[in-house]
Amino acid sequence: MNSNNIYIETYGCQMNQADTEIVLGILKHHGYKVTNEIGKADVILLNTCSVRDNAEQRIYGRLGNISTLKKSNPNLIVGVLGCMAEHLRNDLVEDKKIVDLVVGPDEYRRLPEYINIAFNGDKGIGIKLSRTETYDDIIPYREDGLQAWISVMRGCDKFCTFCVVPFTRGRERSRSLTSIVDEVKQLSDRGFREITLLGQNVNSYNDNGNDFADLLSAVSNVDNLMRIRFSTSHPQDLSDKLIYTIADHPGLCNYIHLPVQSGSDRILDLMNRTYTITHYLGIIEKAKKIIPGVSFSTDIISGFPTETYEDHLMTLDVMSQVKYDGAYMFKYSPRQGTKAFKMLDDVPEEVKSKRLQEIIDLQQKISYDINQEMIGKEEIILVEGYSKKSDLFLYGRTDTNKVVIIPLGPDIRIGDYVKVKIDRATSATLFGRSIDSVNREEKNMALSA
Ligand code: SAH
Ligand code: SF4
Ligand code: F3S
């Protein structure tokens with residue numbers, strides 16, 4: 001085969017990033033080569049996201065650019081993977097004829113087959129969702145590095161009324177614990193230092209009675225030089241067992257992403273989030289008590305249908321009470337096919353924007369205050385690379401996911417754990433200096449202290 005250079009761009013969440021590695025694993029196994037230069041590609045794939053309208057518009061724009069490449073190279077195959085596959089099918093394959101290939105998240109095993117169909121001049125279309133596919137046995141293609149992301153479950157059964165994910169990714173299913181632990185062992189052997197376990201709602205992980213806390217313990221026992229993170233936890237299902245597991249295992253980071261979405265019980269009910277703010281704050285309080293130094297981040301949507309100014313103030317109030325380390329903040333975007341799509345999108349665009357800006361401003365202030373309190377403290381960071389602004393500095397992250405910049409030092413290498421003292425802080429970044437490199441035993445002692 002000559003026409004075997006694959007170029008892929010990934011949009012959306014970390015799960016899509018992890019899927020891209022699975023796709024490349026499958027394609028490499030079938031003799032394809034990966035290129036980072038779009039001009040050299042025989043097959044261009046976009047792994048897409050449809051969570052908000054602006055995510056989709058970006059992809060349409062990109063496909064517009066790519067269609068000009070196709071004019072100069074008619075043999076070029078253009079394919080859409082991921083969450084837009086389902087409803088893009090008619091629009092792009094039949095109406096606009098830009099793409100040759102549309103393959104959804106559960107059909108990647110058959111991607112080589114669909115590519116062949118496209119090379120033979122037909123449209124390669126595979127958009128069926130599966131109740132069982134977890135790509136358990138596929139070895140994802142990963143460049144060497146420090147950090148890796150592993151999907152431990154796929155799909156979502158929560159059906160929050162604003163969200164397309166249950167429709168684009170289908171029903172919830174978990175990958176086997178043993179296959180995940182094996183993959184972590186392989187990554188440990190290759191020198192990876194940080195693993196993030198991924199799922200839309202990792203707390204409903206279930207492999208023959210092993211729950212997510214069991215999985216976390218098993219994974220954290222693989223290599224005590226590895227940090228383990230996870231995302232995302234749904235507030236309804238975050239168990240006491242999970243909180244105690246995080247507290248008991250030094251390798252499990254003291255950092256929980258716990259999307260609240262809104263501070264108003266009435267809006268949470270309309271969103272079908274299935275918890276109240278009292279329940280939510282109860283979890284936060286419990287976790288703060290049981291896991292010393294734990295930090296939280298969240299997702300917030302502004303301008304959901306019927307949201308009043310009072311509802312909005314309740315969101316600001318929850319933010320002030322929890323004091324999140326970070327937040328992903330969005331304007332509500334109606335998505336076809338969801339329950340909320342049938343509700344009137346009645347908060348005017350400028351009101352959504354104004355409320356979002358207030359949410360962003362408050363979060364920035366909270367992050368600034370939290371970071372100022374870090375000044376003078378000692379932390380252990382995993383050194384991840386050179387600072388983007390200057391190669392005289394390195395950056396790393398604390399257990400609680402905060403970025404710290406430190407000057408280069410003769411004994412500090414990327415991948416080391418280093419004890420640092422924080423000297424200065426902005427709302428986004430801490431600045432410090434190393435006071436010690438940390439060996440394995442010290443790291444565990446320090447982390448469990
Ligand atoms: N499974 C994760 C989140 C997946 S989507 C969870 O439940 O937390 C990531 C975030 O995108 C969501 O938490 C939500 O804040 C946001 N989001 C999802 N659909 C949206 C929509 N229609 N409009 C605006 N934001 C949305
Ligand atoms: Fe979407 Fe809700 Fe599932 Fe998260 S839990 S993916 S927001 S339906
Ligand atoms: Fe987007 Fe799909 Fe992830 S819609 S956020 S890529 S699950």
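**Loops, sheets and shells: a chat**

Trainee: Hi! Where is Asn208 found?

Mentor: Asn208 sits in the loop that links β11 (206-207) with β12 (210-211). Keep in mind as we talk that this is a predicted model.

Trainee: Noted. What is phi of Asn208?

Mentor: Phi is near 50° there, a positive value in a residue other than glycine.

Trainee: On to another backbone detail. Which residues does a cis peptide bond join?

Mentor: Ser231 and Thr232 are joined by a cis peptide bond, with omega at about 10°. Thr232 belongs to the loop between β13 and α8 (240-248).

Trainee: Since you mention β13, what is the strand order of the open sheet of three strands?

Mentor: The order is β7-β10-β13, and the pairing is parallel. β7 (147-151) and β13 (227-231) are the edge strands, each pairing on one side only. From one strand to the next, the twist averages 20°.

Trainee: How many bridges join β7 to β10?

Mentor: Five bridges connect β7 with β10 (residues 194-198), and the two strands run parallel. To find one of the pairs on screen, pick Trp149, whose bridge partner in β10 is Thr196.

Trainee: Which helix lies across β7 and β10?

Mentor: That is α1 (residues 14-29), which runs at about 95° to β7.

Trainee: Now the other sheet. In what order do its six strands come?

Mentor: This open sheet goes β2-β1-β3-β4-β5-β6, with parallel pairing. At its edges are β2 (33-34) and β6 (124-126), each of which pairs on one side only. Helix α1 turns up here as well: it packs on the sheet, touching β1, β2, β3 (43-48) and β4 (77-82), and its direction makes about 170° with that of β1.

Trainee: And how many bridges join β1 to β2?

Mentor: Two bridges link β1 (residues 5-10) to β2, and these strands run parallel. In β2, Asn5 has Lys33 as its bridge partner.

Trainee: Which strands does helix α4 lie across?

Mentor: Helix α4 (residues 111-119) lies across β1, β3, β4, β5 (101-103) and β6, and its run makes about 160° with β5.

Trainee: Let's zoom out. What does the domain assignment give?

Mentor: For the protein chain, the assignment lists domain 1 (5-126), domain 2 (147-372) and domain 3 (378-448).

Trainee: How far apart do the C-alpha centres of domain 2 and domain 3 lie?

Mentor: Those centres are 26 Å apart. The contact involves 21 residues of domain 2 and 23 residues of domain 3. Between them, domain 2 and domain 3 bury about 1,900 Å², with 42% of that area on carbon and sulfur atoms.

Trainee: Time for the ligands. Which residues are around ligand 3?

Mentor: Around ligand 3 you'll find Cys13, Asn16, Thr48, Cys49, Ser50, Val51, Cys83, Val165, Arg169 and Gln200. By class, this shell divides into five nonpolar, four polar and one charged.

Trainee: Which domains does the shell around ligand 3 draw on?

Mentor: Domain 1 (5-126) and domain 2 (147-372) each supply at least three residues to the shell around ligand 3.

Trainee: What about ligand 2, which residues are around it?

Mentor: The shell of ligand 2 is made up of Cys156, Lys158, Phe159, Cys160, Phe162, Cys163, Val165, Pro166, Gln200, His234 and Arg273. Val165 and Gln200 are listed around ligand 2 and around ligand 3.

Definitions and conventions. Residues numbered from 1 in each chain as written. Chains lettered and ligands numbered in written order. Predicted model: local features only at pLDDT ≥ 70, side-chain atom pairs only at ≥ 80, totals over all residues. Heavy atoms only, no water. Near = heavy atom within 4 Å. Nonpolar A, V, L, I, M, F, W, Y, C, P; charged D, E, K, R; others polar. Domains from an automatic or database assignment. Pairing = 2+ DSSP bridges. Helix = DSSP H or I, 4+ residues; strand = E, 2+ residues; numbered from the N terminus. Axes fitted to C-alpha atoms, helices over the stretch in contact; angles between N-to-C directions. Contact = heavy atoms within 4.5 Å. Buried area = accessible area lost by both parts, 1.4 Å probe.
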